[in-house]
Amino acid sequence: NLGLSTDELLPIALENMSHVATVNGLINVIADLLGSAPADASAEKPMLVVSNESKISGAAAILCKSIQERIASMLGEKFVVLPSSVHEVICVAYESEKDLENFQRTVREINETEVDEGERLSDNIYIHRNDTIELYA
């Protein structure tokens with residue numbers, strides 16, 4: 001309707017999405033859902049939940065470069081993106097190939113048992129390194 005091509009519209013959409021994207025520690029997200037104060041998570045490996053303010057269809061926020069940069073500043077340049085649902089993804093630093101294999105297996109198991117088929121984003125995990133996100137294969 002606006003007379004814009006997909007190539008023209010995509011950067012505008014990503015910029016708009018970056019303004020409503022949220023990046024929160026998993027411990028804080030759980031505490032918020034339970035209505036309690038977050039526990040001290042300083043000893044745990046940080047896990048970040050990426051979504052949007054409404055927490056509806058927010059997983060695409062991970063496509064925003066500014067969000068990726070924000071996560072990298074918190075976790076380091078090497079992190080893995082775990083698709084939780086179309087509503088959110090979880091990001092965590094990783095150290096080894098074994099970590100990635102375990103994450104891959106976990107995502108598949110959770111999708112099979114916990115996530116409604118219509119809300120599944122992917123059974124695959126994605127790796128952020130060198131300023132790009134790639135499919136882990």
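**Exercise 1.** Which residues are exposed on the other side of helix 3?

*Solution.* The model is a predicted one. Begin with the covered part of the helix: helix 3 spans residues 65–75, and its buried residues are Ile 67, Gln 68, Ile 71, Ala 72 and Leu 75. Viewed down the helix axis, these buried residues fall within an arc of 140°, so they line one face of helix 3. On the other side of the helix, the exposed residues are Glu 69 and Ser 73. To complete the picture, examine what comes after the helix: Gly 76 follows helix 3 and has a positive phi, near 105°.

**Exercise 2.** Determine why Ile 12 counts as partly exposed, and state which surface feature includes this residue.

*Solution.* First locate the residue: Ile 12 lies in helix 1, which covers residues 6–20. Next, apply the cut-offs: buried requires under 20% relative accessible area and exposed requires over 50%. Ile 12 has a relative accessibility of 42%, and therefore counts as partly exposed. Finally, consider the surface: Ile 12, together with Leu 2, Leu 4 and Leu 9, makes a nonpolar patch of about 390 Å².

**Exercise 3.** Describe the chain as a whole, from its elements to its contacts and surface.

*Solution.* Count the elements: the chain has four helices and six strands. Their order from the N terminus is α-β-α-β-α-β-β-α-β-β. Then turn to burial: 34% of the 137 residues count as buried. Among contacts with a separation of 6 or more, 57% join residues 24 or more positions apart. Lastly, the chain exposes about 8600 Å², of which carbon and sulfur atoms supply 53%.

Key
Residues are numbered from 1 along each chain as its sequence is written. This is a predicted model: local features need pLDDT of at least 70, side-chain atom pairs count only at pLDDT 80 or more; totals for chains, interfaces and linings use all residues. Side-chain values use heavy atoms; hydrogens and water are left out. Buried means under 20% relative accessible area, exposed over 50%, partly exposed in between (1.4 Å probe, protein chains only). Helices (H or I, at least four residues) and strands (E, at least two) are DSSP runs, numbered from the N terminus. The arc is that of the directions from the helix axis to the C-beta atoms. Contact means heavy atoms within 4.5 Å. Accessible areas come from the Shrake-Rupley method with a 1.4 Å probe; for residues, only the protein chains shown count as cover. Patches are made of residues with over 30% relative accessible area and no salt bridge: like charges are joined within 9 Å, nonpolar side chains (Val, Leu, Ile, Met, Phe, Trp, Tyr) within 5 Å. A salt bridge is a side-chain nitrogen of Lys or Arg within 4 Å of a carboxyl oxygen of Asp or Glu.
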